[in-house]
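Here is a briefing on one protein structure.

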Amino acid sequence: MKADGVMLPIPPRHIATLGKRHVWRWEFAVPRAEDETRVGYGFPDGSRWYMTVPGRAAMPRIAYTACNGTEDEDVFSQQNLPRNARWGHLNGLHRTRPYHLLFHGGDQLYADALWKDCPSLKAWQALPARDAVAAPFTSAMAEEAEAFYFDLYCHQWSQAEAAALLCTVPSIMMWDDHDIFDGWGSHPDERRTCPVFQGIFEIARRSFSLFQLGCAPDDPADCIWGASVGTFTQGFKIGDLGIFVPDLRTERTQARVMSEETWTELPGWLERFDGCRHVLLMSSVPMVFANLHAVERLINFWPGTASMEDDLRDQWRSYVHEKEYLRFIRLLGGMSRDRQLRLTVLSGEIHLGACGVIRGAGFEMWQLTSSGIVHPAPSKFYADVLERLSRGTETIATDTTLEMVPFEETGRRYIRARNWLELTFDEAGHLNAHWQVEGEKEPLMRII
């Protein structure tokens with residue numbers, strides 16, 4: 001491989017094998033010029049691609065996506081819904097004014113078909129609960145799961161509309177439950193820690209590392225700050241912009257989101273953003289969302305609602321995670337106040353667009369939520385219930401309030417349509433957020 005601005009050929013690194021298939025890595029750094037530049041890279045006798053690199057003093061133009069799929073792919077044909085329409089729209093705007101970075105906020109992969117496409121896992125799932133948790137993770141299970149994830153990634157990454165962007169815009173990717181399988185980390189401990197669940201998790205983890213981080217799990221890239229504690233927490237500094245991507249899945253249980261080892265490391269990681277004017281924090285699930293404590297407690301006693309219970313337990317605002325949630329807010333708010341920087345949270349997962357804010361003593365933390373770029377919008381009833389539950393300002397701790405803010409264009413707090421988020425910075429340093437909504441001629445806007 002060769003790249004513009006890189007004097008020598010870029011050597012390949014072999015990082016994985018599955019049967020006759022191989023995964024290779026080419027790593028190179030492109031120097032930033034005074035002005036925005038177009039950089040080509042590729043093979044002398046083969047494909048060549050181009051990416052746009054921001055000038056040294058410029059802030060990057062960013063596109064944010066989440067929920068790149070659904071639990072049942074048949075829904076697109078049933079609803080006559082073009083699967084990748086929003087990717088096509090994003091690609092069209094990229095060709096007009098190229099983006100410098102592409103953020104993927106979780107659920108890039110929907111691996112839930114694992115349980116029906118892998119015969120040995122389908123048979124395991126049919127076992128009585130006590131037998132299932134005691135059963136070993138067999139070589140047949142491992143072989144089927146490895147092939148399943150590898151094939152699914154190859155299929156997803158070769159979707160034409162998304163592939164055109166993956167090769168022309170550098171990506172920052174975090175994972176969420178569907179990149180493993182639905183509800184990972186929110187299942188009962190007995191099931192989460194059983195040999196079969198743990199075996200699948202290790203294969204999903206390796207696959208995520210290869211396909212979404214571009215490295216082997218035992219040879220992490222420099223941006224993986226969480227490697228010392230065994231997580232995929234990432235951090236980046238681009239001029240005076242910081243990007244923080246905590247791993248909110250690897251250590252998750254029904255009772256916690258992050259381990260004490262990670263909590264010990266967090267202050268040091270955040271200190272690395274000294275000198276930044278603005279930090280973008282990617283949180284797969286929103287930090288500003290409706291209070292669903294009463295709904296979650298009711299569902300605990302409702303038979304046949306295990307899947308909904310997992311979804312609610314996944315949220316930062318689950319009553320089970322409340323102490324940890326407030327601990328995280330205090331840590332982030334203190335950093336924002338003490339270092340005099342703006343901190344904005346970017347999230348997906350809820351299949352709706354939304355905007356909200358947490359205000360505390362000396363800090364203000366905005367939440368921008370955008371999802372899904374592929375996943376169909378939820379029912380009108382669901383969106384209306386959230387709308388009612390999100391009215392007003394809620395006091396979540398002493399001198400700390402939370403508010404879901406309506407969009408001026410619609411008067412509503414939630415966008416019930418597929419969407420992706422465009423993020424740019426103006427000359428005054430304000431963050432301009434544009435929700436690119438399916439079916440709308442103009443984007444919905446918020447300036448921070």
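At 17% relative accessibility, Asp384 counts as buried (buried is under 20% relative accessible area, exposed over 50%, partly exposed in between, with a 1.4 Å probe and protein chains only). The model is predicted: local features need pLDDT of at least 70, side-chain atom pairs count only at pLDDT 80 or more, and totals for chains, interfaces and linings use all residues. Residues are numbered from 1 along each chain as its sequence is written, and side-chain values use heavy atoms, with hydrogens and water left out.

- Asp384 forms a salt bridge with Arg412, with the closest N and O atoms 2.9 Å apart. A salt bridge here is a side-chain nitrogen of Lys or Arg within 4 Å of a carboxyl oxygen of Asp or Glu.
- Asp384 sits in helix H14, and Arg412 in the loop between strand S16 (400-404) and strand S17 (414-415), so the pair ties together parts that are 28 residues apart in sequence. Helices (H or I, at least four residues) and strands (E, at least two) are DSSP runs, numbered from the N terminus.
- Arg412 is partly exposed, at 34% relative accessibility.
- One network, joined by salt bridges that share partners, takes in Lys380, Asp384, Glu387, Arg412 and Arg413.

**Other salt bridges**

- The whole structure holds 24 salt bridges.
- Asp151 pairs with Arg21 in one of them, with the closest N and O atoms 2.8 Å apart. Asp151 lies in helix H6 (residues 139-157) and Arg21 in strand S3 (residues 21-26), so this bridge ties together parts that are 130 residues apart in sequence.
- Both partners are partly exposed: Asp151 has a relative accessible area of 39%, and Arg21 has 35%.
- Glu73 and Arg83 also meet through their side chains in a salt bridge, at 2.9 Å from N to O. Glu73 lies in the loop between strand S6 (62-65) and helix H1 (74-78), and Arg83 in the loop between H1 and helix H2 (85-96), so the pair ties together parts that are ten residues apart in sequence.
- Glu73 is partly exposed at 37% relative accessibility, whereas Arg83 is buried at 13%.

**Cysteines**

- How many disulfides does the structure hold? There are zero, a disulfide being a pair of cysteine sulfur atoms within 2.5 Å.
- For Cys67, the closest cysteine sulfur is that of Cys355, 18 Å away and too far for a bond.
- Cys276 is in no disulfide either, and its nearest cysteine sulfur, in Cys223, is 16 Å away.
- Both residues are buried: Cys67 has a relative accessible area of 0%, and Cys276 has 5%.

**Nonpolar surface patch**

- Val295, Phe381, Val385 and Leu389 form a nonpolar patch on the surface, with about 340 Å² of accessible area together. Areas come from the Shrake-Rupley method with a 1.4 Å probe, and for residues only the protein chains shown count as cover.
- Patches are made of residues with over 30% relative accessible area and no salt bridge; like charges are joined within 9 Å, and nonpolar side chains (Val, Leu, Ile, Met, Phe, Trp, Tyr) within 5 Å.
- Helix H14 (residues 380-389) gives the most to this patch, with three residues.
- Val295 lies in helix H11 (residues 293-300). Val295 is partly exposed, with a relative accessible area of 33%.

- Asn84 lies in the loop between H1 and H2 and is buried, with a relative accessible area of 9%.
- Leaving aside neighbours within four places in sequence, Asn84 is in contact (heavy atoms within 4.5 Å) with Gln159, Glu161 and Val374.
- Thr65, in strand S6, is buried at 2% relative accessible area. Beyond neighbours within four places in sequence, its contacts include Trp87, Phe103, His104 and Trp420.

**Backbone geometry**

- Most residues other than glycine have a negative phi, and most peptide bonds are trans.
- The peptide bond from Ser371 to Gly372 is cis, with omega near -10°. Gly372 is in the loop between strand S14 (363-369) and H14.
- Cys67 has a positive phi of about 60° although it is not a glycine. Cys67 is placed in the loop between S6 and H1.
- Asn80 has a positive phi near 50° and is likewise a residue other than glycine. Asn80 is in the loop between H1 and H2 and is exposed, at 70% relative accessibility.
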